[in-house]
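Here are a few exercises to work through with the model open beside you. Try each one before you read the solution.

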Amino acid sequence: MNFAHNQKTEDYLARVKAFMDEHVYPIEDKVYKETHELNPTGDWTKWQSHPAIEPLKQKAKEQGLWNLFLPDAGLGQGLTTLEYAPLAEQMGRVAFAPEIFNCNAPDTGNMEVLYHFGNDQQKAQWLMPLINGEIRSVFGMTEPDVASSDATNMEASIELDGDELVINGKKWWSTGLGHPNAKVCIFMAKSNPENEKHSQHSMVIVPLDAPGIEIKRMLQAYGDYDAPFGHGEMHFTNVRVPKENLIMGMGKGFAIAQGRLGPGRIHHCMRAIGMAEKALELAMKRGLSRVAFGQPLLKLGGNGERIAKARMAIDQARLMTLHAAWKIDAVGVKNAMTEISAIKVVVPNMLQDVVDMAVQIHGGGGMCNDFPLARFAAGARALRLADGPDEVHMAMVTRLELRKYK
């Protein structure tokens, strides 16, 4: 692959950086602080978005910095996975930035599902409001009562009953469930238990106001509810939706998921690299300006070498991720599984190490909300579980490597 960004990427990258410099960084601390003040408890029914977010979304839309992840030039900006990747890195430097560009998870993955696999009616009813930023969505996959690292363990069910689908089960860690604009869930569950294990599941579109859905709670992640997004637990009891809400067909859930998770993991990893760059930047500034024992911190205790190792680790992770993005574009997700699984292990672990180093250099300041490092630390640890734990991805790489020697 050619590691240089093409002209289109360079142009968009300059525009995203300029937007972040002018509109996002100046209000970053203010938005974090006031969002916590707006949403002081775990009662998600009263959560609010910060009032600065919607006007910035409108500015991004007006400047053509909207739906950057979507390869369709009519609905997005026509960027490939590789072209979009460095833009995701820039957004990752500020946790709420992806929403401003309508490039936030899990909406990006859900939009890709509806774009690639939805029918015309599903696209009109649900994709277009998501494309326009009018609603938010969630993805129901992980379950509280089973080891969801093996998706074939799912206990939730989808059954066809005449012209309706009947849905039962529990889901948790459904990101975005607490958002006041969350209106719809793409729900994955077992529908055809008689089929071979990768053809037993389906995905169905479920409005969040459907009778039988109970949102039990929002879950704290390292002591923070992550309002107004939220990661929630929801129970489905005999929820009925029209069979037209089924995506692609019964038993197609795993095929859809494979297509959904490939580009999404690139997005996650590049945002994580953006966090790592921000953490390293903060560590450098702190280490050069803070003096102990008569010397800047970077002159003490091997901190200079830690900075060097962080730079090397970030650049290695970025190159791996860009290679995976290039391969998705060149030969498709199915032929890039080693690269996709590898970055899902390498990047969050790199981020965790870099952030931990930055926290150490900041001392007590690194543990509180005076800096974004505590949020980054929680995000890094969560990424080692999100979309599957490290062990699952390493097992995938092992299987694919062993196939070469059969």
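This is a predicted model: local features need pLDDT of at least 70, side-chain atom pairs count only at pLDDT 80 or more; totals for chains, interfaces and linings use all residues.

**Exercise 1.** In which loop is the place of D387?

Residues are numbered from 1 along each chain as its sequence is written, and side-chain values use heavy atoms, with hydrogens and water left out.

*Solution.* Step one: find α11 (373-383) and α12 (390-403); D387 sits in the loop between them. Helices here are DSSP runs of H or I with at least four residues, strands are runs of E with at least two, and both are numbered from the N terminus. Step two: check the backbone, where phi of D387 is near 60°, a positive value in a residue other than glycine. Most residues other than glycine have a negative phi. Step three: look at accessibility. D387 has a relative accessible area of 28%, so it is partly exposed (buried is under 20%, exposed over 50%, partly exposed in between, with a 1.4 Å probe and protein chains only).

**Exercise 2.** Find where the cis peptide bonds from A105 to P106 and from A227 to P228 sit.

*Solution.* Start with A105 to P106, whose omega is near 0°. P106 lies in the loop between α5 (97-100) and α6 (107-117). Next take A227 to P228, with omega near 5°. P228 is in the loop between β6 (213-218) and β7 (231-242).

**Exercise 3.** Describe how α8 packs with α11.

*Solution.* First, the geometry: α8 (residues 253-289) and α11 pack at an angle of about 145°, and their axes are 11 Å apart. Axes are lines fitted to C-alpha atoms over the stretch in contact, and angles run from 0 to 180 degrees between N-to-C directions. Then the residues: H268, A272, M275, K278, A279 and L282 in α8 meet L373, F376 and L383 in α11, where contact means heavy atoms within 4.5 Å.

**Exercise 4.** Which residues of α7 are buried, and what do they pack against?

*Solution.* Go along α7 (residues 120-131) and you'll pick out Q122, W126, L127, P129, L130 and I131 as buried. Now look around them: the buried residues of α7 pack against α6, β1 (136-140), β4 (182-190) and β5 (201-207). To finish, step past the helix, and you reach G133, whose phi is positive, near 75°.

Methods: The expected span of a helix is 1.5 Å times one less than its number of residues.
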